[in-house]
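Reader: I am new to this structure and would like to know what stands behind the words used for it. Please show it, and then let me ask about the terms one by one.

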Amino acid sequence: DDDDDDDNDDVYVWTVKRVGVWLRAIGLGEYSKSFEIGAVDGELLMEMMNDASSSGQTDATEKLLEEELSVSRRLHRLRLIKEMRKLFERATTSPTSGRGGQQHRHRHRHHRAAKGNAAAAAAAA
């Protein structure tokens with residue numbers, strides 16, 4: 001089940017709930033509800049940071065945090081981006097996340113789909 005992912009250090013497999021735990025740990029738990037409503041899981045969190053890293057600009061990420069996730073205070077947005085960057089750097093240099101996390105994300109999607117297919121087969125039986 002997804003709760004198995006909650007203690008995982010691999011950000012790419014974090015659930016929405018685990019992202020909320022991370023927000024509280026960095027002192028920005030007040031935004032956990034808006035991240036939950038936005039269905040921000042670890043993979044989406046890293047995708048937001050990947051966009052900022054590849055362009056060298058954080059403006060789009062900052063705008064997304066403000067407009068889509070209701071992070072109205074600029075200092076909070078900057079703090080979130082800083083903390084997201086730390087997660088991104090850790091995830092893309094971690095030997096467990098494959099080449100920049102890409103291989104791992106593909107395997108995880110496949111694993112998640114397989115779990116869903118097994119559950120559907122069991123329910124049909």
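Reader: What makes residues count as contacts of Asp-41, leaving aside its neighbours within four places in sequence?

Author: This is a predicted model, and contact here means heavy atoms within 4.5 Å. Beyond the neighbours within four places in sequence, Asp-41 is in contact with Trp-14, Thr-15, Val-16 and Val-19. Asp-41 itself sits in the loop between α2 (32–37) and α3 (42–55).

Reader: How do you know that the side chain of Asp-41 makes a polar contact with the backbone nitrogen of Leu-44?

Author: A polar atom of the Asp-41 side chain lies 2.9 Å from that nitrogen of Leu-44. The cut-off for a polar contact is 3.5 Å between N or O atoms, so the pair at 2.9 Å qualifies.

Reader: Why is Ala-39 called partly exposed?

Author: Its relative accessibility is 46%. Buried means under 20% and exposed means over 50%, so Ala-39 at 46% falls in between and counts as partly exposed. Ala-39 belongs to the loop between α2 and α3.

Reader: What is noted about the phi of Ala-39?

Author: Ala-39 has a positive phi of about 55°, although it is not a glycine. Most residues other than glycine have a negative phi.

Reader: Which residues meet where α4 and α5 are in contact?

Author: From α4 come Thr-61, Glu-62, Leu-65 and Glu-66, and they meet Arg-74, Arg-77, Leu-78, Leu-80, Ile-81 and Met-84 of α5. The residues of this contact divide into 5 nonpolar, 1 polar and 4 charged.

Reader: What makes Asp-10 buried?

Author: The relative accessible area of Asp-10 is 8%. The limit for buried is under 20%, so Asp-10 at 8% is buried. Asp-10 lies in the segment before α1.

Reader: Where does the side chain of Asp-10 reach?

Author: The side chain of Asp-10 reaches the backbone nitrogen of Tyr-12 at 3.1 Å. With the cut-off at 3.5 Å, this pair therefore counts as a polar contact. Asp-10 and Ser-94 are 84 residues apart in sequence, and their C-alpha atoms are 8.5 Å apart in space.

Reader: Is Asp-9 buried or exposed, and how do you know?

Author: Asp-9 has a relative accessible area of 61%. Exposed means over 50%, so Asp-9 at 61% is exposed. Asp-9 is found in the segment before α1.

Reader: What does Asp-9 touch, not counting residues up to four places away in sequence?

Author: Asp-9 touches Trp-14 and Arg-90. Asp-9 and Arg-90 are 81 residues apart along the chain, with 9.5 Å between their C-alpha atoms.

Reader: Why is Glu-47 called partly exposed?

Author: Glu-47 has a relative accessible area of 35%. Glu-47 is placed in helix α3. Between Glu-47 and Tyr-12 there are 9.2 Å in space, C-alpha to C-alpha, for 35 residues apart in sequence.

Reader: Which residues of helix α1 are buried?

Author: In α1 (residues 16–25), the buried residues are Arg-18, Val-19, Gly-20, Trp-22 and Leu-23. After α1 comes Gly-27, with a positive phi near 80°.

Reader: How many helices and strands does the chain have, and how much of the chain is buried?

Author: The chain has 6 helices and 0 strands. Buried residues make up 38% of its 125 residues. Among contacts between residues at least 6 apart in sequence, 58% join residues at least 24 apart.

How values were computed. Residues are numbered from 1 along each chain as its sequence is written. This is a predicted model: local features need pLDDT of at least 70, side-chain atom pairs count only at pLDDT 80 or more; totals for chains, interfaces and linings use all residues. Side-chain values use heavy atoms; hydrogens and water are left out. Helices (H or I, at least four residues) and strands (E, at least two) are DSSP runs, numbered from the N terminus. A polar contact is a pair of N or O atoms within 3.5 Å; within protein, one must be able to donate a hydrogen and the other to accept it, and residues adjacent in sequence count only if both atoms are side-chain atoms. Buried means under 20% relative accessible area, exposed over 50%, partly exposed in between (1.4 Å probe, protein chains only). Ala, Val, Leu, Ile, Met, Phe, Trp, Tyr, Cys and Pro count as nonpolar, Asp, Glu, Lys and Arg as charged, and the others, Gly among them, as polar.
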